[in-house]
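Hi everyone, thanks for coming. Let me put the model up on the screen, and then I'll walk you through a few spots in it.

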Amino acid sequence: MDGLFKENKKFLIITFIFTLITALLTVSVPLLLTTVFGENYNINKSTLLLVIIFMFITYIIQIVMVYIREHFAYVFNVSHTHKMYRLMHKMNYDDLLQKEPTYLIDRFAMIVNSFYMFIANSVTSLMSNIIILFVCLAIILKINIWLAVILFLLIPVNYFGYKLINKKLMEKSKVM
């Protein structure tokens with residue numbers, strides 16, 4: 001798994017930068033609107049323009065990220081599929097017949113797709129959620145330190161709670 005991250009370091013760094021900018025802009029628009037509407041519910045042209053610019057930049061970044069992901073998907077899927085086929089060509093003929101070539105090809109497609117989904121979606125979502133979580137905690141810290149501490153302590157409770165729930169669901173699915 002570590003090699004997967006090293007091979008795709010450039011994509012992960014670019015995705016992290018765009019995710020950071022998008023997460024900060026996503027959090028900043030509601031804060032800006034709260035600030036504006038907290039002061040007499042009066043919105044002026046400059047504030048409206050600022051909100052529109054933030055939303056437009058976020059939209060443009062999301063379009064660029066889709067383009068980058070699609071390009072990455074093509075390069076990633078082709079290169080990893082070729083690696084899998086090279087491994088298959090190195091297999092002994094008897095082993096290949098025993099493991100059924102069409103089954104191996106289907107498995108290769110599933111493996112490559114799973115790796116791509118992990119790198120492109122799961123890691124990106126994890127980065128975005130962590131950024132948003134810490135920004136929200138920082139905002140709450142400015143409001144009330146004890147509330148921020150309590151919410152920070154809830155993070156491991158939620159994490160281990162979901163791990164426990166998933167473990168129990170896994171056991172139940174094995175029974176079914």
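**Around Thr-19**

Let's start with Thr-19, which touches Met-65, Thr-124, Met-127, Ser-128 and Ile-131, leaving aside residues up to four places away in sequence; contact here means heavy atoms within 4.5 Å. Before I go on, a word of caution: this is a predicted model, where local features need pLDDT of at least 70 and side-chain atom pairs count only at pLDDT 80 or more, while totals for chains, interfaces and linings use all residues. Residues are numbered from 1 along each chain as its sequence is written, and side-chain values use heavy atoms, with hydrogens and water left out.

Back to our threonine. Thr-19 sits in helix α2, residues 9-38; helices are DSSP runs of H or I with at least four residues, numbered from the N terminus. Is Thr-19 buried or exposed? Thr-19 counts as buried, because its relative accessibility is 4%. For that label, buried is under 20% relative accessible area, exposed is over 50%, and partly exposed is in between, using a 1.4 Å probe and protein chains only. A polar atom of the Thr-19 side chain also lies 2.6 Å from the backbone oxygen of Thr-15.

Now for helix α5. Its 43 residues, 101-143, should span 63 Å at 1.5 Å a residue, and the end C-alpha atoms are 61 Å apart, which agrees. The expected span is 1.5 Å times one less than the number of residues. The buried residues of α5 include Thr-124, Met-127, Ser-128 and Ile-131, and those four are among the contacts of Thr-19.

Next, charges. The structure holds one salt bridge, meaning a side-chain nitrogen of Lys or Arg within 4 Å of a carboxyl oxygen of Asp or Glu. The partners are Glu-7 and Lys-83, with their closest N and O atoms 3.3 Å apart. Glu-7 is in helix α1 (residues 2-7) and Lys-83 in helix α3 (residues 45-89), so the pair ties together parts 76 residues apart in sequence. Glu-7 is partly exposed at 47% relative accessibility, and Lys-83 is partly exposed at 34%.

Last, the aromatics. A search of the whole structure gives six aromatic pairs; rings of Phe, Tyr and Trp (its six-membered ring) pair if their centres lie within 6.5 Å, with planes under 30 degrees apart stacked, over 60 edge-to-face and the rest tilted. Phe-72 and Phe-76 have ring centres 5.3 Å apart and planes at 35°, so that pair is tilted. Phe-72 is buried at 9%, and Phe-76 is buried at 1%. Ring pairs also link Phe-11, Phe-72, Phe-76 and Tyr-116 into a cluster.

Technical notes
Helix = DSSP H or I, 4+ residues; strand = E, 2+ residues; numbered from the N terminus. Polar contact = N/O pair within 3.5 Å; in protein donor to acceptor, adjacent residues only side chain to side chain.
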